[in-house]
Structure formats: C-alpha cells, structure tokens
Amino acid sequence: MFISVISAGTQPEEPLDPIGLFVTRPQDGEVTVGGNITFTAKVAGESLLKKPSVKWFKGKWMDLGSKVGKHLQLHDTYDRNNKVYTFEMEIIEANMTFAGGYRCEVSTKDKFDSSNFNLIVNGKMNSCHFGHEEGGEFNFSALLKKRGEAKSESQSDVDVWEILRKAPPSEYEKIAFQYGITDLRGMLKRLKRIKKEEKKSTAARYKTKGNNYLFRYIFEAIGNKRILTINHCSLADDAAYECVVGEEKSFTELFVKEPPILITHPLEDQMVMVGERVEFECEVSEEGATVKWEKDGIELTREETFKYRFKKDGKKQYLIINDSTKEDSGHYTVKTNGGVSVAELIVQEKKLEVYQSIADLTVKARDQAVFKCEVSDENVKGIWLKNGKEVVPDERIKISHIGRIHKLTIEDVTPGDEADYSFIPQGFAYNLSAKLQFLEPPKIHLDCLGQSPDTIVVVAGNKLRLDVPISGDPTPTVIWQKVNKLLFESEGRVRVEMHEDHCVFIIEGAEKEDEGVYRVIVKNPVGEDKADITVKVIDVPDPPEAPKISNIGEDYCTVQWQPPKYDGGQPVLGYILERKKKKSYRWMRLNFDLLKELTYEAKRMIEGVVYEMRIYAVNSIGMSRPSPASQPFMPIAPPSEPTHFTVEDVSDSTVALKWRPPERIGAGGLDGYIVEYCKDGSTEWIPALPGLTERTSALIKDLVTGDKLQFRIKAINLAGESGAAIIKEPVTVQEILQRPKIWLPRHLRQTLVKKVGETINIVIPFQGKPRPKIIWMKDGQTLDSKDVGIRNSNTDTILFIRRAELHHSGAYEVTLQIENMTDKVTITMQIIDKPGPPQNIKLVDVWGFNAALEWTPPQDDGNAQILGYTVQKADKKTMEWYTVFDHYRRTNCVVSDLIMGNEYFFRIFSENLCGLSETAATTKNPAYIQKTGTTYKPPSYKEHDFSEPPKFTHPLVNRSVIAGYNTTLSCAVRGIPKPKIFWYKNKMDLSGDAKYRMFSKQGVLTLEIRKPTPFDGGCYTCKAVNECGEAEIECRLDKILSTGMEVYLQIVHSG
C-alpha cells in the first residue's frame, strides 16, 4: 500500500508552491442557491515552453469541460509581465446539486499537479444542473440522490467497479444509470484495463478509522499497486488508514506535524543611552506565528509594570523596552520552532568626550610606533584591538594609562605590525581607530634567488611565463632588461606584464635567440633590489650531415655519420636510421632502439636494388629533422667461383683450359674472367691472358716445354673478384699422344634422309692427338670441294652442303689418321624429291553412276618409294576438283556416286615422302553419265551485269592509342569488280612505307601501324577504286598516349 502525502500550508493562499505547478490553488467556497461563485487557479508559466493543459472535474471522474453552458463558464488569461496563467471556473445560479467535491488538474509535457476543493450550497434545491440547453437537462445524479436518499448511506461503501467487473456487458448501462455514471466511454476504458489485471486483483477501498474518504483524496490503480494520494495535508489528516482488498486488510498510520517557522530577518545589536527606548525587530516565515523572547537565557513575560511589550505585525515580531536602564544590558533571544536569533543590548550611563583621537602612522623598519588618545574621564579604562583582536602587551609592545591619556607603544616595528588598531573605552559606545602603515624596501622573491646559476630552461616553441613576486611599500617600479636593452610592456613575442604584487615575463614561442641573461630591477623611495635570470632555450638537434656508405655486400652495407653541429642544448641520446629505394617515396625505419654509435651495419637488403639512407638525431626534447639522403648505392656481391674448371688440351707450348660460368652471378653481372698460373713450388701467380676474357675457354700460349704449372681462374664483376677455382694437380706442358677416335652421333648411324633444296650440316666430333689428318670420300671417290664444303677443327669435322640435290645421295666415308693409327666411319645419305605424275591413265568403262580408271606408276619416283595415289574428279561445267581417294595404293579404281547427266574429268597424283607430285595425269575424254527419259533443254537467259562502284559499308572512327603497341584501323567496302585499295596519311600515300601493312580479306580493309609514336597522329584516308567509280573515307588518330596497356583500335564495318 502506498500513501503519497503532499503537504500544504495552513494559510488561505499560497504565494509559491515549490513542488507543484500552482501559484494559487482554488479554495473551498460557499454559495446560496441562485448565487454565483468563481474558483481561481494560477499556474507559473516562467519555466513552461507552452500553455499548460487544465481540466476541471466534479467528484472523481465527471469532466466539466463538456458541461459548459448556462450554469458553468470556464475562462483563462495570461499575465505577460508576471508570466502567470490564470484559470477560472464560474458557477452561475447555483443549486443544491452543485454541492460536493471538485478537482482542478494541470499538466505539462513532464509535470502534473492537481488540487481538490469543496463547494457548499445553502438554501432550497434547484433542479437545474450543468448543461447546454436553456430549459436545463435531466440530472441523473440528482435523481439518484432523490430516489436512493434512504439507501445513500449504505451504498456509499459499494464498489461500483467490482459490480461492473462481475456483471455481463448487457447490464453495464443499467448499473451506470443506477450509480450516476454519465461518462460511459470512460467507464468502458477503465473496465477494460481492470479486466487485464490478475483475477485476484480487485479495486481497493481506502478509509480512515471513523471517517469516510473525501473528494480531495486521489485513488490510483497501477497494475497490482493501489495508491492513495492526499493533497494539502493538514493536522486533520493525522489518523490511521486502512486498505481492504477482498478479505485482506492492511493498516498504516499517518503522523502530521506543523511546518517549522523560520526566522527570515534576525535581530540586530543595539547600543543606547540610559532612558532611551529600545525596540528589537525580527521577521518570521508565517503571519501571526507564536515566538518566545529570552534575556540571558530567561524567558520574558508581561510583568505588572509592563516593562516589556510584545507586538505582532503580520510576519514581523517586536520586543519593546521603554526607559532602558543599565540593568537592561545583555543578550536578547527570540526563538521559534524552526530557528533562533540573538542580539546584544548595551546601555551606557553617559557620553564620553574624546579630546584627542589616535592618528594613522607610517613607519619604517625597526622604528617606534606610538598610538595616543585623550578622553575626558581619567578614570575610564579601555582595551586596544589589532584587526579586531585584543592586543596582548609583551617586551616589544607596551600599553600605558596616565590620567586621561592612553598609549600603545610598539618598538622595532616589523611588517607583521601593519594593521588597523582601535581603542575602545569600557562602558562607552566609542571605537577610536587608526592604521599603522609599514614602509618596506622593495624585494624580489624568487625561489632560486641566491643559487648559482639562476637558470630557467624552456623548450623551443613553447611559451615561457615567469611570475616574479615582488614586495615593497610603496609599490616599487619594475624594470626588465637584457644586455642593457630595456623590455617594456607590449604585445610582442617577448614582453613584460606589470601587476601590483608581481610582474610577469613572457616569451611566446621561445627561440634560440631568446637565450641570455635577463635582469629585473625593482625600485621605490626606500631602496631597490635586482636579480639576474638566465634563460636557456633547448630544442631538438640540428639534422646530421648525409651519411656515408661503405663495405657494400650482397645484402648489407656499413653506414657512417657524424654528430650534428648543434645538439639543441641537450646531449644527443642516439640516432634513428631510415632507408628507401631510390624510386620510392616510402622511408623504412631500420632500428627501434636508439643507436649509440656512429656506425651501423644495415642488412636484409635486396641485391641489385638502388637504396638511399638518412639519419635522425634524438635528444630529450625530440627528434631532429632528417639528414640529407646519402649517395645512392646498390648492394651487390662478387660472383661465386667458376665451375668445372678443367684442362682441355696440352701441347709442347700451349695449354687449353675450359670452364663453366659461376653458379651465382648476382645483380652485378659478370664482367669477365681472369686466368693465372704459377710454377709448381712457387707462390707468385702470373696472369695468363692480358686483361679479362668473357669466353669460357682459353688457350695459354708461349709456355716452356716440361714446366709443371698450377692454373686458377676467378670471375670478376663490380663487387670484385670471386673465389678462385684451381686445378687440383699440376699440368705438365708436353704433347700427349692420343689414338684417333670418331664419335659418330646416333642419328647418323642410319640413313640420313634429306629433301632436295634443304641445307645439310653434318658435325662429327672426334678425338686424337696430335691433330689427326681427316679424309672425306663419297662412294670411294674424293669429294669435290666446289660442290661440298669441308671444315675441320681440333675436335670435330663438318660436312656442309648449302643446297641438297639428288646426286648428293650416296655413302660418305670419314677417315682419321695419326701416324699409322686410323679410324673411319661411313654415313649413308639419301636425297629425295617429289615424284612425277602417273603414266598411261585410261577411262576403262562407264556404267550407271560409276566410272572405271587404270594407270601405271610414274617414271620418276623422286628417289623414294611411292606411298600411294590421290584420285580427283571434276564436273565439266565448273571444273572444280574434288578428292575421291587419298593415299590409294592400287593402279586402278572405280569412281562411284556420279551425278546423272553430268560429264566428268579425272586426274591422279602420285605421292612419296616428299609429298604429292607437282603435276597430275588427267583423262583426255570426259566420262558422260547417261540420263534416262526425256531430255530437258534449259532456256537461255541474258547474263546480268553485277558491276557496281565501290561503297564503304562501315566508316572509320576517330581513336586514341597507346604508344609502342601495334594498332590496326579497319573498315569494310563493297564493289564489283573488286576495287583497288589505297591508304593515305595526311594525303601522303603509305604504299611504300614499311611501317604500315595493308590487308584486305572478304571486303574488310585493315591498316596496321607498327608501334605508333606521337608523330603518327593525323588524318588517315582509305580510298577504293574500280572501273565503275571510286570512294574514300577518313578518320583521325589524335592522341598517342605514352603509357598504359596495349590497346587495339579496330573499327570493323560490315554490311
């Protein structure tokens, strides 16, 4: 069970509602029958964005907005000055039915408030009620009261919603009529919401013990919660409350206490003379509040002599004392249940004359300060105050009283003695005051003053602001200077700002030029002081010079550099190295930890790629700008040593060496080889060849017969020499006898077949030392050197025939001879040619659709076996030949499937390894295939002339192409007879230019431009000419782009 209590004041009007929206709530009213009454509600609009929504209700749910008419009027106004909305409900010609509880609800976007009030109607009951018609409407509520007057008391506890929830829908209208419910739509909505709740949930009834609920109570049901809200709670609401749900009950008790009364304006201290009137005044939060007055803790009451008078004027409370006496001095207290206020009353007997008051003093350090005053009564004592606190005498501070003169003496004045001093005579309302001003010499207060050195460090680009506290009385003059140059207050980058107790030295965006000693001087009439401040500007280092590259290897190099000329005022902590490829813009950092040394070995580079290096210097401030890039360099490595280094031949004065290239050459390429030798037992290597050799073999000449020599070879490139390849055993310079031996290639061990006209090149390797004698013979005869070429070397012999003929066929014999040792081989060569045509072709017989043929083999078989024959036929009308048999081996055949009524010729080709014979044997007479039945004679027609002039069926189109890639321009033309084609560029004929090729295939004309350049741009024209006329078309080739991918511009035109 929830009880929400909204407290309300006891006063009839509320000027301010700190919780709700109302400024003024509608109050209870009373009216006689036939009279008029107006209820007013005011809402604060200062914090509202738009006009609030206000509804007036009678009872719990009767909305009066629909009852506006003759007896009810609703009005609203807005005061723009005070920003207050005023809403009024006016009841005209009231009758008894208007009596009861009313409610005013106001709502905004995020706030809600309501106020309950009652209307009492006195006098005779009137049958009229709220309505729109002048004659009045029938009041169901009034009728129910009349009819159920005897049962009203018993029905007051009936829960209408419980009855509706259990009743069938057909009974809703009857129950609404019985209990005075006129808003049927609202009733149905609420009933629908109730039915959605749990079956055990039921409407709750709230009542206080001994009191029925009133209309200013608001009942709410939210889900399973039942809430009772009491607006404007008063002391009458202090009671026990009960909530009944079915057979279950829940009790709670509400305690209401009066709101506290606050003191809004406290009492004030007063000082009067004996016999004067005293009036204490205070203000409380409520009018007519009860307060209690006390003097020195004793409550004051109205005595018989009426010494004290208590007065109330609205919210103000007064305590009045007539004819005050010395005994009335003391502390007076006013108390409420929400606050306390205390004031002091001083009553003096008589006035005291001051002959000499204390005067202000201005003294220097260690001087004496004397405050003196003279009063009329020498018996009057007093106290001295320093800044409101009593002065306590000591060895340095003396207080004296001689007759009417009072003195305060301060020896050896210090800055702490500067204050406001006062003398207060006891028993009199006097306060004699003066000020002690201490003259102080100027002083600069720096934390580092007196230390050596007084240095302030600032990072370049940052702002330096130095607050220099100064003291001195009077205020000293401040002068700043740097190397005898005065600095004034200005708006520059280096400036000075002056204040009363300090000065500010500012450097905006410090630079290296701002370093130096700055002097500040303070002066006043008492003296002067000065201080020197050293400003040091630190920055990132200057960039180092370009690094140098040395010791370049396959994927590494050594980088060296020098420290920067200026370290930024801080020691260099290390260096950062970066590299990039020469044609790239992306630098890559090589080290993550700072390099402490001035050298670094860079690794993991790609051989053959050109790199650049740069360096950064780093100190505690940051990283310098990068150094200039180093000279470009390429990591390369010398090649590996040559492989398969062997001695190929040795003679009495020469040694022939051979080798293979190194397995790894690298990006540096291979410049050549250097061959060296040394005598056995010696360590001096002598170059065997002048300079480098690019070949993989060498013949070392002019050697001494019988010497034993060691040979070695090195590969050379840009990176240097490779390792040396050395022959394991020493070589003796002496001729070696070797038997002659011919190494006949495998393909020459069988008959070598070549066609007439082909080139023959037969290489036969051999071995033998000394160099053998070579003899070539054909069919036992010496070869003719004019017809056949022979070339001999130390290791092979070559037979060369530029153009083979049939007579070159035969057996070739090669003989090697060294002294009395020989070796020989025989090579069989067969030169073949195309065969001749078959002989004696005859048409043996024709029957039906068949024809029989016979022939004899050709006289010339082309020096090769006849592999077969090709038989072809041709219709006499078209003479187009068609193959009937292919690779046919017999010398007779029967041709079938001939067409009746046609005449046929036949021809036969012979075939060997070279192919078909160049000519064919053809039958002299055609073979006629007889028809059966009547003979048809075709009509004769005049031959049609199909000739027409050239016409382009699709034009050329302007194009742009890529330089360096072949490009074609094409179009299509039609014309009979076939036209001749001419191509022009800028009206110049292209027929003789080798850069252009022209093609024509089935009417499609193509011009190919080989690797065009920007100079090939221009106007291209294609012209077609035949005996019937001519036509031409052109296009432009304007843009020849220098980069890009291959582009083909082809304009294909077809009819």
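I count two residues as in contact when heavy atoms of theirs lie within 4.5 Å, and I apply this to a model that is predicted.

Entry one, the surroundings of F39. Setting aside the neighbours within four places in sequence, I find F39 in contact with P26, Q27, D28, G29, W56, F87, E88, M89, I91, F117, N118 and L119. I then looked up the largest nonpolar core, which has 24 residues, and F39 is listed there among those with the most contacts inside it, together with V43, W56, M89, I91, Y102 and L119. Two or more residues of this core come from each of β4 (37–44), β8 (84–91), β9 (100–107) and β10 (112–122). Another core, of 23 residues, lies apart from it and includes V458, V520, V522 and I533.

Entry two, the sheet that holds β4 and β8. I read an open sheet of four strands in the order β2-β4-β8-β7, with antiparallel pairing. Since β2 (22–24) and β7 (72–79) are the edge strands and each has a single partner, one side of each is left without a neighbour in the sheet. Neighbouring strands are turned by 25° against each other on average, direction ignored. Between β4 and β8 I find eight bridges in the antiparallel sense, and T38 stands opposite E90 in β8.

Entry three, the pairing around β43. Strand β42 (residues 548–550) pairs with β43 (residues 557–560) in the antiparallel sense over three bridges, and I549 has V559 of β43 as its bridge partner. The two strands form a hairpin with six residues between them, where N551 in the turn has a positive phi of about 55°. β43 also pairs with β46 (residues 599–602), antiparallel over four bridges, and here I note C557 opposite A602 in β46.

Terms used. Residues numbered from 1 in each chain as written. Predicted model: local features only at pLDDT ≥ 70, side-chain atom pairs only at ≥ 80, totals over all residues. Heavy atoms only, no water. Core = buried A, V, L, I, M, F, W, Y, C linked by side-chain atoms within 4.5 Å. Buried < 20%, exposed > 50% of the residue type's maximum accessible area, 1.4 Å probe, protein only. Pairing = 2+ DSSP bridges. Axes fitted to C-alpha atoms, helices over the stretch in contact; angles between N-to-C directions.
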